[in-house]
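Subject: Structure for you to look at

Hello,

Here is the structure I promised. Please open it and read my notes beside it.

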Amino acid sequence: MNPLRHRGRAGAFIVAVAFVVAAPKAYAQDPAGMDHHHMAGMDMGLPPVSIPNGALFTEADVRFMQGMIAHHAQAIYMSRLAAGHDASEHLVKFAQKIDQSQQAEIRLMQQWLRANGQFAPDTSAWRQMPMPGMLTAEQLKQLEGAKGADFDRLFLTFMIQHHEGALKMVSDLFATPLAGQDVDVSVFANDVQTVQTAEIGLMRRMLSNL
Amino acid sequence: MHTARRILTLATAVAVGAVSTVHAQTYPTGNDPRNGLKPGMYDAGEAAQGMRLVSFSKKPAQFDTARGLTFINSDLAFRDHYVYQGNFAGFTIWDVKNPAKPRVISVVSCITSQGDPSIIGNLLFISAEGNGNRTDCAKGGVKEAQEHMAGVRIYDVSNPASPKLIKNVQTCKGSHTHTVIPDPKDPNVVYIYISGSQMARLATELAGCNNGSDPADVNNSLYRLDVIKVPLKHPEQAEVVTGARIFTGLEPAATSAMRREAMAERAARGGRGGRGNGEPAAVPAGVPASAAAAPAAPARPFDPSKSGPWNCHDVTAYPSMHLLAGACASYGLLVDISNPEHPVRLDAKADTNFSLWHTAVFSNDGSKVVFTDEWGGGTSPMCQATSMMEMGGNSILTIHDNKLTQHAYFKIPSAQTAQENCVSHNGGLVPVPGRDLFVQGWYQGGVDVSDFTDPDHPFEVAFFDRGPVDPPPAPGDTTTAVSRFRGTIGGSWGAYYWNGYIYSSELARGFDVLQLVPTEKLSANEIAAAKLVRMEQYNPQSQPHYTFPPAFPVVRSYLDQLVRNNGLASDKTGSIDKALTTAERQSGAARAKTLTTLASQVDGDVAGASDPQRVKTMAAEIRRLAAASK
């Protein structure tokens, strides 16, 4: 199942820059405060988290899963630009890979959140939920305006930054006391770390071969 | 393989993949029997070709729940007439003396994701990675760092009904999987190579661990595979003795662009006196000025040393060839393990189609290695008709002069549903003379046997598949109804051929035993020949070398293959068949005489054959059988 299409959200991705500009500027330009906003969650319009008795997961786990949905959704948005921006064949395929993998992961995260009685953001959440490594409004504009080899270069540069943000989210999660012990969250976070570390390696090679 | 093994300079050993010529299949549009199988946990529809289900056993009650990944089964190990099945919450020992009725001998409850097992004699090794794993195995998670167990648990299973935990060997990065490698010199010592995806723990949790950034630094616990040395007579003395530093120098293309980027980053860091998250990330050289002018979003500052891989998901050792294939994130590595304490990387291969180099299996002669790509991590449905065919499957590489060359991809030729987590996963060889057959689990894609004898044209030989665990969404399902999907992760974690049967670990459902049945792609003789290979102990990641005894099914396997591939004219294969039938009815010297005469006749057939090598091998097998008949 494609959660994006299934839930009729594909359209949200096509809506242009207007939404991006509307994203809370304070977050985008206040990286130092990011972690606090990320953890608090409520500043981004997310409902408070309540942890059932006996659960192995913590608020940090819930916020990680919610935040990663937004993080992934932006990566999918970026990836879907490739085909229409004269990117190289190789890059279009790589972008398609990110698109397909992260769609599936969004479904997983949403399922985990729902199964555990937590609020599950949808895929438009990235417009309101800036996470580490996500592109700023300015960067998105640049990417949306690029074509051909320039697009390839910008995409790789920005996606490396984006992936490094995901790695930071994972290491922040694991560095939080008592967090990352729920098996599903732990396996998923490790998968993100493994796959995105590998993809950063690939992208660096692709970038240096441009 | 045994020619002088040059130790290549690291720089030249790195091959950056350009594999545009590698071809991939496409999903067939025909009526595959796997299409549209009925969903269900225990009543799912089944489809099989070339194999049949001998028995299915549900998980033992202790693990019989479908709560996410907490109780899923993991990998298998084999010894005597026992199968050791890992589980994220412990392990099960099955007695398979009667494969039609496997019997649970013991169930050990011990929270240990992901629980991959290996067995050496009476010692069972179990991989522990999860952050909630405790030294005392209890539920409830880790409250104090000292309670955390990440590494390898060692059990004494001399009484399989009552396994005893001997020792928890803690490692810096935990243990996602592990690989046992016998010491080539000392039969009382095995080494265990530890693979894992996590960063190193903090020194405050485990002394000596650190996430250093210099891969060559001997004190850096990140860029290495921890190596445990186990004195088999004193397993309680098992400890980490060294780190396999097989990543050193493995940077993603040391081009000038990379160096400029690294220098820019260093300058940025030095100039601003810190590496806090608020630092703008360096902009690589070659990026348009407009991009450079924009403040980058917050991310970890780029650390150039972290760009190469620093872990393997899995490594497969082939001890008799002194080789190891490392499936290491963005690289497939070939490593010389003549000295397990000092492994030497021989070659490295990258491929942008591969999302995650996951695991590997060598051909029996060591001339090929199949790497798998765990696209989607095993929890995602990556075998749908829309999923790219060259991703999430196998890739076949040949090994020549210690260099890897990539050939074709293989993925199961059956589109699975969106409810089925599916990707290429663990497996091992099916020992058939003259062919390279790989049996493996594809999660909910089922159990599959593929032929990679011709590295450019792999194909499917047999399969067993069930419908999805979960039903598909009903038409018109709304957003709220999505929560109805349980998103159950299931299917075959790994499937292995062992002493005549295929054993498959089903994540959600339990334990399957299957048997090969003859088809036009695999003959009764080939199946009979495979049964002649007996292994007392089998740890798939420590690949055994197999040999065939002199036997009629072995000779007839080659004959069947020559008939199948038109490798020899049919009048010739017909007359060889006749002579073999005659010999089978004879015994002793008479049989030897018939076979010797036949061997000479077959020698004469080599020249005119379109597959002369196979004819030659068959002649040699006939001679070996003649010698054994005297």
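First, a term: two strands pair if DSSP finds at least two bridges between them. Helices (H or I, at least four residues) and strands (E, at least two) are DSSP runs, numbered from the N terminus. The model is predicted: local features need pLDDT of at least 70, side-chain atom pairs count only at pLDDT 80 or more, and totals for chains, interfaces and linings use all residues. Residues are numbered from 1 along each chain as its sequence is written, and chains are lettered from A and ligands numbered from 1 in the order in which they are written.

Start with the sheet in chain B. It is open, has 9 strands and shows mixed pairing. The order is β2-β27-β26-β25-β24-β28-β29-β30-β3. β2 (46-49) and β3 (51-58) of chain B are the edge strands, and each pairs on one side only. On average, neighbouring strands are turned by 20° against each other, direction ignored.

Now look at strand β28 (residues 492-498) of chain B. β28(B) pairs with strand β24 (residues 426-430) of chain B in the parallel sense, over 2 bridges. Asn426(B) has Gly494(B) as its bridge partner there. With strand β29 (residues 501-506) of chain B, β28(B) pairs in the antiparallel sense over 6 bridges. Ala495(B) is bridged to Ser504(B) in β29(B). The hairpin of these two strands has 2 residues between them, and Asn499(B) takes a positive phi near 50°.

Further along the sheet, strands β26 (residues 447-451) and β27 (residues 459-466) of chain B run antiparallel, joined by 5 bridges. Asp451(B) stands opposite Phe459(B) in β27(B).

Next, two helices. Helix α4 (residues 524-531) and helix α5 (residues 552-564) of chain B pack at an angle of about 145°, with their axes 8 Å apart. Axes are lines fitted to C-alpha atoms over the stretch in contact, and angles run from 0 to 180 degrees between N-to-C directions.

Last, chain A. What span should the 28 residues of helix α9 (residues 148-175) have at 1.5 Å a residue? The answer is 40 Å, and the end C-alpha atoms are 40 Å apart, which agrees. The expected span is 1.5 Å times one less than the number of residues. In α9(A), 23 of the 28 residues are buried, so the helix is largely enclosed by the rest of the structure.

Best wishes

Methods:
Buried ≥ 20, exposed ≤ 12 C-beta atoms within 10 Å, placed from the backbone.
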